[in-house]
Amino acid sequence: LKHDAEILAHKFKVDTLKIESIMKYCIELGLFELNRNEKNKSLIEYLEEIKILTGFVTICSYCKKIRDTEGKWCELEAFFSKNSEIKFSHSFCPECREKYYCDLL
């Protein structure tokens, strides 16, 4: 770096320290651009992995089955498992626990 700065300084009749600082700045800027490009690439790859559900979903008011794009009715869990990376675990909300399992409490 110092040798290159001396050559440029002599050629353009500029102070060697100024050339060195400009070269260092350019190197840092280049590293910043490289780092930013790597982060952007990672972000793009991450976004490509995400499946986004948009639009209206028709759901049965009673049993909560969902009609898919083919017109078939399926369980809510099956629909979201098929169309996203969502995984389900089941439990009972306090109201249902009391309503359906109060005799076990």
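This is a predicted model: local features need pLDDT of at least 70, side-chain atom pairs count only at pLDDT 80 or more; totals for chains, interfaces and linings use all residues.
Residues are numbered from 1 along each chain as its sequence is written, and side-chain values use heavy atoms, with hydrogens and water left out.

Let me start with the rings. Taking rings of Phe, Tyr and Trp (for Trp, its six-membered ring) as paired if their centres lie within 6.5 Å, with planes under 30 degrees apart called stacked, over 60 edge-to-face and the rest tilted, the count comes to 2 aromatic pairs. Phe79 and Phe80 make an edge-to-face pair, at 5.2 Å centre to centre and with 90° between the planes, and both Phe79 and Phe80 are buried, where buried means under 20% relative accessible area, exposed over 50% and partly exposed in between, using a 1.4 Å probe and protein chains only. Phe92 and Tyr101 form a tilted pair, with 4.6 Å between centres and 55° between the planes; Phe92 is partly exposed at 42% relative accessible area, and Tyr101 is likewise partly exposed, at 33%.

Turning to the cysteines, with a disulfide taken as a pair of cysteine sulfur atoms within 2.5 Å, the count is 0 disulfides. For Cys60, the nearest cysteine sulfur belongs to Cys63 and is 3.6 Å away, and Cys60 is partly exposed, with 23% relative accessible area. The sulfur of Cys93 has its closest cysteine sulfur in Cys96, at 3.6 Å, which is too far for a bond, and Cys93 is partly exposed at 35% relative accessibility.
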